[in-house]
Structures are given as C-alpha cells and as structure tokens.
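Me: I am about to look at a structure that is new to me, and I would like to go through it slowly. Please take my questions one at a time.

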Amino acid sequence: MSNAAMNADRIATSYRWLEYAAFGLALEHARFDFLGYAAEATRVLILGEGDGRFLARLLGWNRRASVVVIDTSARMIDLAQRRVPAAERSRVEFHQMDAMASDWANGPFDLAVTHFFLDVLDNHEAAAVICKVSAALAPGGYWLVTEFQEPDGSARQLHARVWLAAMYAFFAATTGLKTSRLPPYRDSLARCGLTELDYRERRLGLIRSQVWRKNR
C-alpha cells in the first residue's frame, strides 16, 4: 500500500523488508505479471510507485518510454530515484504530490500503472482518481493494476479479511492512513470506460494483478 491518503516517509527504508516478511516475493512477482504490455509504451504514468522496484524493471524492459511518477512520499521518491540508472534519468519525471491534484494529468499516456495504490483511497477518492487516469489515457491504452481483494468463497474471503484488517491497522499506525476498507475499484474502472483483459491471483485470491484497456 502506498500513496494519496497516506505518507510513507516513516516506513520507506524498511518497507521492502516488511513486504518480504509478510508476503515473500508474492507482491513483487504480482507487480511484474503483465509487464509485457509495457513493451510498446511511449508515455507512462505511475501513481504511488514506492521505492522504485517496478520503475527500474520497466526502464530496463522498455528503452524508449518517458515516465511520469507521482508519489506523496519524498523518501520513497528518493529511493526510487536511486534505482534509476544515470543513463535513464532523462526519461523519468518525479513529482511529489497527491494523486487528487489536478496538474499531473497532461496526457495522453498509453500506459498507466498503479500497484497497491487504490487500496489506500476511500470510495470517493478511488472513483475520482480512476476516472481522472482514464481520461488521461489514450484510446486503447493499458492500465496495469495490482491490488488486494476480497475473493469469493467463505474460506478465501475470511483469509483476505484477516490480512486486510491487519494491514490497514498497521498502516494507520505508521502512516496515518484513514481508510480502513478496500474501495470497489474494479466497478469504478469499468464505469470509467475500461475493460479487464486478463488477471492472475495469488495467496488464495488476496492478491490480484490485472491488465485493463481503455475502450476506444
């Protein structure tokens, strides 16, 4: 989880290791599931990048795209900047700002990326940000979304609810996060003109990586 409704400065340095302790490499692998959709992108928007692990992989995968990174945490931005090779720095713009701000949406982008970002927004914020990103996407553009979810099935749902309650409590205590439940982000993505093309699930459905496309 990282961004608009919280500031991750306090946990930035240790976030990677906290993630590994809780989930092993599951979150990291989920971020990269659909990286192939970034191969032809020329302009990329990343909201809540965190410590830069996805950004570094993206820059190595796609040698021509320009990237705009938005994050509220100055410390996370600093960590992400350190992961960018010197030869690639001219391709990346970093902006420390809230995703609800209006001055980052200078599209069109042909790829948007949000990994464990929408889960820190309340219902209203998530719907507003999703439609804002959709408006900034070019027709036919892709959106890589990796998120937590409450899957169907009583045992799977109970497992997810226990984990989500623990995570929201942790981030409330360490980052000041006010949100305490997942927004219906998939419904908002569909309402804002996107169609889900593919997905993969991990950890009994708690983790869902997805690729969406803006309808032409």
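Me: Is Tyr142 buried, partly exposed or exposed?

Reply: This is a predicted model, in which local features need pLDDT of at least 70, side-chain atom pairs count only at pLDDT 80 or more, and totals for chains, interfaces and linings use all residues. Residues are numbered from 1 along each chain as its sequence is written, and side-chain values use heavy atoms, with hydrogens and water left out. A residue is called buried under 20% relative accessible area, exposed over 50% and partly exposed in between, with a 1.4 Å probe and protein chains only. Since Tyr142 has a relative accessibility of 23%, Tyr142 counts as partly exposed.

Me: In which strand is Tyr142 found, and which residues is Tyr142 in contact with, leaving aside its neighbours within four places in sequence?

Reply: Helices (H or I, at least four residues) and strands (E, at least two) are DSSP runs numbered from the N terminus, and Tyr142 belongs to strand E5, residues 137-148. The C-alpha atoms of Tyr142 and Lys214 are separated by 6.4 Å, although the two residues are 72 apart along the chain. Contact means heavy atoms within 4.5 Å, and with neighbours within four places in sequence left aside, the contacts of Tyr142 are Tyr37, Asp110, Leu111, Ala112, Leu137, Leu197, Val211, Trp212 and Arg213.

Me: How many helices and strands does the chain have?

Reply: Read along the sequence, the elements follow the pattern α-α-β-α-β-α-β-β-α-β-α-α-β-β. Taken together, the secondary structure of the chain comes to seven helices and seven strands.

Me: What is the radius of gyration of the chain?

Reply: The C-alpha trace spans about 45 × 40 × 30 Å along its principal axes. The radius of gyration is taken over C-alpha atoms, and the globule rule is 2.2 Å times the number of residues to the power 0.38. For 216 residues, a compact globule would have a value near 17 Å, and the chain agrees with this at 16 Å.

Me: What percentage of the residues of the chain count as buried?

Reply: Among contacts between residues at least 6 apart in sequence, 73% join residues at least 24 apart. The chain exposes about 9600 Å², an area from the Shrake-Rupley method with a 1.4 Å probe, and carbon and sulfur atoms supply 52% of that surface. Of the 216 residues, the share that counts as buried is 53%.

Me: How many residues apart are Cys131 and Cys192?

Reply: The link of Cys131 and Cys192 is left-handed, with -65 degrees about the S-S bond. This pair links distant parts of the chain, since Cys131 is in helix H5 (residues 123-136) and Cys192 is in the loop between helix H7 (185-191) and strand E6 (194-202), which places them 61 residues apart.

Me: Which label, buried or partly exposed, goes to Cys192?

Reply: Cys131, with 38% relative accessibility, counts as partly exposed. Cys192 has a relative accessibility of 14%, so Cys192 counts as buried.

Me: Which residues is Ala127 in contact with, leaving aside its neighbours within four places in sequence?

Reply: Ala127 is found in helix H5 and is partly exposed, with a relative accessible area of 25%. Ala127 and Cys192 are 65 residues apart in sequence, yet their C-alpha atoms are 8.4 Å apart in space. Apart from neighbours within four places in sequence, the residues in contact with Ala127 are Ser188 and Cys192.

Me: Which residues does the cis peptide bond with omega of about 5 degrees join?

Reply: Pro108 has its place in the loop between strand E3 (92-96) and strand E4 (109-115). The cis peptide bond, whose omega is about 5 degrees, joins Gly107 and Pro108.

Me: What is the phi of Leu204?

Reply: Arg203, in the loop between E6 and strand E7 (207-214), has a positive phi near 50 degrees in a residue other than glycine. Leu204 also lies in the loop between E6 and E7. Although Leu204 is not a glycine, its phi is positive, at about 55 degrees.

Methods:
Disulfide = S-S within 2.5 Å.
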